[in-house]
Amino acid sequence: MNLLAAGHDSGMIVFKLERERPAFSVSGESLFYVKDRFLRTFEYSTQKDTQLIPIRRPGSNTLNQGPRTLSYSPTESALLVCSDVDGGSYELYIIPKDSYGRGDTVQDAKRGVGGSAVFVARNRFAVLEKSTNQVLVKNLKNEIVKKSVLPIPTDAIFYAGTGNLLCRSEDRVSIFDLQQRIVLGELQTSFVRYVVWSPDMESVALLSKHSIVIADKKLAHRCTLHETIRVKSGAWDDNGVFIYTTLTHIKYCLPNGDSGIIKTLDVPVYITKIYGSTIFCLERDGKNRPIIIDSTEYVFKLCLLRKRYDQVMSMIKNSELCGQAMIAYLQQKGFPQVALYFVKDERTRFNLALESGNIEKALESAKKIDEKDHWYRLGVEALRQGNAGIVEYAYQKTKNFERLSFHYLITGNLDKLSKMMKIAEVKNDVMGQFHDALYLGDVRERVKILENVGHLPLAYITASVHGLHDVTERLAGELGENIPSLPKGGKKASLLIPPNPVLRAGDWPLLMVSKGIFEGGLDDAGRGGGAAEEDYDEVADADWGEGLDIGDVDSLPNGDIRTVLDGEEDGAHEENDEEGGWDLEDLELPPDSETPKTANSNARSSVFVAPTPGMPVSQIWVQRSSLAAEHAAAGNFDTAMRLLSRQLGIKNFTPLKSQFTDLHMGSQTYLRAFTSAPVLSIAVERGWSEQASPNVRGPPALVFDFSHLDEKLKAGYKATTSGKFSEALRHFSTILHTIPLIVVETRREVDEVKELILVAKEYVLGLQIELKRRELKDNPIRQQELAAYFTHCNLQLPHTRLALLNAMTVCYKAQNLSTAANFARRLLETNPSNESQSKTARQVLQAAEKNMKDATQLNYDFRNPFVVCGATYVPIYRGQKDVICPYCSTHFVPAQQGQICTVCDLSVVGSDASGLLCSPSQVR
């Protein structure tokens, strides 16, 4: 007995004395496992079970101290047996080759202490040392070769490929490379009990108590599966499907997370290997047990997932896949056309056919059901698809005269609309008759209807305004003195009748495309193409007699034309029989008779090849270019943003929205077509000429040009000189926002663009500092500091002189004479052309020499070279750490790492970027 129950006041607790899961390890075609006190091996191919060596001495078998895990190295025939003895220990056995079949040989094992031990190479194994959170790599002599500190607090390690370990903590797992000592992947999970790798080591299943997480070899998450019953074991089959067991079932898990039950279990088993439809398991008593399963269901779903439709069609034909669960699954996954072939119930078939757009199948089911609601729904779907014949047939079946009349009106079938008016007259449907007369523009019929129902004044007015004088005189005599008066003058009257149809519309034209693999190939075996053809003909040639009973209207018998045609065909057959008989060799057929009548039905199931559409010009632009501007011009904003993010670290694209739109609109022009047709979009190419080949597409025309930026730069200079700092800041910011979407041709122009970025950056930073200074009227110390920093921006010489003059004035007024004298000296060194500037600087310098002191301490040391932080506006002196914007190269203090640059307002400070790409010459 392995269970112990302890009762208490509110219930009972059941304890398990011994671990029931056998320790095992799979290596190739062999299974190594522990049973009783022996190591045994099981060969899958021969199903031979062999005892190898004893692994525990008699008397050492205390409670719950048996082997927990095994790890086997096939090249060295070495085995690691891990258990919970002494808080976690391992034993290393070398299995002699002559021990197969002689399982009584006792050998001394090399032992050690460790939470887990697993082989990581053919002659190296790793041991977890929990106390120091280290892993010890040892050789087969049990000697330490290397030590590595693990990246996370680890309580167990698992094999993850040669030289790699999967480390487990309470809430996550990570893959650790022992050689490079780096983390290759990490994943948040619940507490993992077992790890199962696929045979190709591309996928891994992490088994917890009530969940399974599927991930790839880098621990990128694929799907998570939750179970209400404990998960016991699992293995991967040859198709990449994970098969696992719970206490009561064998189940499967597809790569997309779909799962299902394969088989119910009487007792818990532990899967060791899967061969085709055979699952090899270990029972709790250590007995190997093969289980045969039916894998049809999950292989079918896998084929659907991987779009292997030829296999799906084969399985539908040859397998017995059925049931509401399968139908619901196919509907849920968007395959109603496949589910259609599993259903016998006509109502369900009808619903699935409508859902998949298979109007022919829906028509078949509607005929068998023959209910008004189904005919109505069929008509709605046929109208959506533009199948006028079936719409007409459905309206006939439901006797929906109003819809039928309107259908004939919009399709231009005025002959049948006239018949509808006669039918309404026979059925005494006055409103229907009047509507049909309106649709036809038949004024005399409208007057006749109004006169018959007693509305003589209306009949008189209608006849009078339409110029029917003979009818007007007759009605005037009947009305006597009650003749209604007509308004005189006013607006000019116009005749309201429907326009005559230019052509009679039938079914909407459909593009001839290759039929899907599920169309035509999976029809019922007893139903041939001819039957489908007859149904279609029945709809297309549907007469009025069967549904509406109007044969007497035209004094013609129903089906008259069809009878004549049938008679001609019968005569032709008789004639052929008399001439040909069985003498096939002497039968000379004309060329037209080479195609038999049944060819029409076969042609319907043949493959139609659609004309290959040409590649859009915008797609050609995107494929040929790595320039963000040309991607934006093509309208592919997503890839343009990805390119800018990779090249310049740009994350904030809001300032570029208008530029993106302008580029796209500027690279397209539009030509008007017919009134009912959409406009034609024409791509505008850069550098197009009449001599260019029509088959060679040039790059898109761009609305932004480098010369435009030169004009913006001059406008910015002018505004700065005038002291219009807000306007100047707007000009220089526009330059920074336009440059990422500029394209130039030569390397020299590329250098000029990069130089322009630096110029615009210096001005934007300096102007921001000056505008900030003007806001701080109550903080004179900060005002002086910002004025001093402004002088260290790399501006044009006239603007540098103005900045120095401004800083000198501010500091002199604040009695910081030493600092003011420094600015005066720098101003005089520039040799200002304005004599007043020179005079003022000399006067300040002369006054400062009498008292070379500062009244207040400033965060400013002009002797120590520095750059100004673009966000905090503080100096970053040489030698101090800083981070840089990858686009405009503005410097920032380290605290701004990861923030949006305040100068260009585009890029992330400190991010990695490959650099500006603005010319095809850089790519070549």
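Author: Lys361 is buried, since its relative accessible area is 7% and the limit for that label is under 20%. The model is a predicted one. Lys361 belongs to helix H6, which covers residues 359–369. Arg349 is twelve residues away from Lys361 along the chain, and the C-alpha atoms of the two are separated by 7.9 Å.

The next stop is another helix. Helix H12 runs over residues 443–452, and its buried residues include Val443, Val447, Ile449 and Leu450. Glu445 and Arg446 in H12 are buried as well. What do the buried residues of H12 pack against? They pack against four helices: H10 (414–426), H11 (430–440), H13 (456–465) and H14 (469–479). The N-terminal end of H12 is capped by Asp442, which has a side-chain oxygen 3.5 Å from the backbone nitrogen of Arg444. After H12 comes Gly454, with a positive phi near 95°.

In soluble globular proteins, nonpolar side chains tend to be buried together. Here the largest nonpolar core has 85 residues, and the members that touch the most others are Leu644, Phe732, Ile739, Ile769 and Tyr887. Helix H25 (residues 747–775) supplies the largest share of this core, ten residues. There is also a second, separate core of 26 residues, with Leu254, Leu265, Phe300 and Cys303 among them.

At 0% relative accessibility, Phe732 counts as buried. Which residues is Phe732 in contact with, once neighbours within four places in sequence are left aside? Leu713, Gly716, Tyr717 and Thr720 are on the list, and so are Ala760, Tyr763, Val764 and Leu767.

The whole structure holds 23 aromatic pairs. In one of them, Phe732 and Tyr763 are stacked, with 4.6 Å from centre to centre and 20° between the planes. Phe732 sits in helix H24 and Tyr763 in helix H25, so this pair ties together parts that are 31 residues apart in sequence. Tyr763 counts as buried too, at 1% relative accessibility.

Tyr789 and Phe866 make another pair. Their ring centres are 6.1 Å apart and their planes stand at 75°, so the pair is edge-to-face; the angle needed for that label is over 60 degrees. Because Tyr789 lies in helix H26 (residues 780–790) and Phe866 in strand E32 (residues 866–868), the pair ties together parts 77 residues apart in sequence. Both Tyr789 and Phe866 are buried. These two rings also belong to a cluster: ring pairs link Tyr789 and Phe866 with Phe823, Tyr860, Phe862 and Tyr877.

Back in helix H24, which spans residues 725–738, there is also His737. Is His737 buried or exposed? His737 counts as buried, at 13% relative accessibility. The side chain of His737 reaches the backbone oxygen of Cys904 at 2.9 Å. Neighbours within four places in sequence aside, His737 is in contact with Pro655, Leu656 and Gln659, and also with Cys904, Asp905 and Leu906.

Four of them form an open sheet, in the order E11-E12-E13-E14, with antiparallel pairing. The edges are E11 (117–121) and E14 (144–149); each has a single partner strand, so one side of each is left without a neighbour in the sheet. From one strand to the next, the twist averages 30°. How many bridges join strand E13 to E14? There are five, and strand E13 covers residues 134–139. Within this pairing, Lys138 stands opposite Ile144 of E14.

Strands E19 (residues 192–197) and E20 (residues 203–208) are also antiparallel and are joined by five bridges. Val196 stands opposite Ala205 in E20. E19 and E20 form a hairpin with five residues between the strands, and in this hairpin Met201 takes a positive phi near 60°.

Key: Residues are numbered from 1 along each chain as its sequence is written. This is a predicted model: local features need pLDDT of at least 70, side-chain atom pairs count only at pLDDT 80 or more; totals for chains, interfaces and linings use all residues. Side-chain values use heavy atoms; hydrogens and water are left out. A nonpolar core is a set of buried Ala, Val, Leu, Ile, Met, Phe, Trp, Tyr and Cys residues joined through side-chain atoms within 4.5 Å. Buried means under 20% relative accessible area, exposed over 50%, partly exposed in between (1.4 Å probe, protein chains only). Helices (H or I, at least four residues) and strands (E, at least two) are DSSP runs, numbered from the N terminus. Contact means heavy atoms within 4.5 Å. A polar contact is a pair of N or O atoms within 3.5 Å; within protein, one must be able to donate a hydrogen and the other to accept it, and residues adjacent in sequence count only if both atoms are side-chain atoms. Two strands pair if DSSP finds at least two bridges between them. Axes are lines fitted to C-alpha atoms, for helices over the stretch in contact, and angles run from 0 to 180 degrees between N-to-C directions. Rings of Phe, Tyr and Trp (its six-membered ring) pair if their centres lie within 6.5 Å; planes under 30 degrees apart count as stacked, over 60 as edge-to-face and the rest as tilted.
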